[in-house]
Amino acid sequence: MMERELTEIQYAINNILNVKSLVRRKKKSQSEKRRELFISIINSIEQIVTRQNVMYMDLQLDFAKYDEPFLDTIDALIIFYFGKEGAELIGWYLWERLNPDGTINPVEDENGNEIAINTPAELWSVLISTNPKYDQ
Amino acid sequence: MVMLTKRTIPRAIFEPIIGLQASDLTGNEILLNLIKNETPLAIEEAFKAKKTFATIFEVNTSGYFLDIPKTYWINALQECIKLNLIEESYEECLRLNNLIEEIKKTSKKTIKQKHDGEGID
């Protein structure tokens, strides 16, 4: 990272907010790294599914069978790490959360409260709140 | 609906970053929006957690974070109020004003406690 550019960003923020800000390098914790890895995995799976749909809709190419062994392997690894309960929630997020009209189905927690999960980051928060061992 | 409370520190992506000038950024609408929305959230979270710095965003994926020290939180919130006034988001202005008052109250208490303690031997 170029030091001069960081100073320019800092200078811009100081002007906008009338403050003296600081730019600091922070080491990411293990927990943060795990969270980022999880988000990147979920984003990648979503991209694979989107690619599958686009190929089918636009080019009539059915990649579902081609992708299936990869997705099955990923599913198995998810079950391996998160167990059945965690894998079910992840499966719900990937396959059942979105309705065809674009609306989002909420999920209920153990007390019957509806929880809105809109992003992989929120999914991660729910997973570790239901089972903190996922983050250890 | 149950809302998830822990804030995810956003990433501001500056592309290309090489040769970037502050003057390119001060009028950038995306950056202004990010600042307007994220600064109050960062300050509120830091204030509640009794932190001395509020982290606004990470610069790209660099691991460098932009922090605002506690002494400048009120200034930053006042500037956010100005940004919200342009958009006529009066409810948000009121919320930010209340947050400023809360921060001021806490600082006064801290100063008073320090002052009260001075005469004790």
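Which elements of chain A cover the buried residues of α2(A)? Among them are α3 (64-96) and α4 of chain A.

## About the model

This is a predicted model, in which local features need pLDDT of at least 70, side-chain atom pairs count only at pLDDT 80 or more, and totals for chains, interfaces and linings use all residues. Residues are numbered from 1 along each chain as its sequence is written, while chains are lettered from A and ligands numbered from 1 in the order in which they are written.

## A helix that is hardly covered

Let's start with α2 of chain A, a helix of 30 residues (30-59). Helices (H or I, at least four residues) and strands (E, at least two) are DSSP runs, numbered from the N terminus. From first C-alpha to last, α2(A) reaches 43 Å, close to the 44 Å expected at 1.5 Å a residue (1.5 Å times one less than its number of residues).

Three of its 30 residues are buried, namely Arg35(A), Phe38(A) and Ile45(A). Buried means that 20 or more other C-beta atoms, placed from the backbone, lie within 10 Å of a residue's own. After α2(A) comes Gln60(A), with a positive phi near 55°.

## Where chain A meets chain B

Here, 31 residues of chain A are in contact with 29 residues of chain B (C-beta atoms, placed from the backbone, within 7 Å). On the chain A side, two or more residues each come from α1 (3-17), β1 (22-25), β3 (114-115) and α4 (120-130). The largest share, 11 residues, belongs to α1(A).

β1(A) also runs antiparallel to β3 (residues 64-69) of chain B, joined by four bridges. Within this pairing (at least two DSSP bridges between strands), Val23(A) has Leu66(B) as its bridge partner.

Terms used: Two residues are in contact if their C-beta atoms, placed from the backbone, lie within 7 Å. A residue is buried if 20 or more other C-beta atoms lie within 10 Å of its own, exposed if 12 or fewer, and partly exposed in between; C-beta atoms are placed from the backbone.
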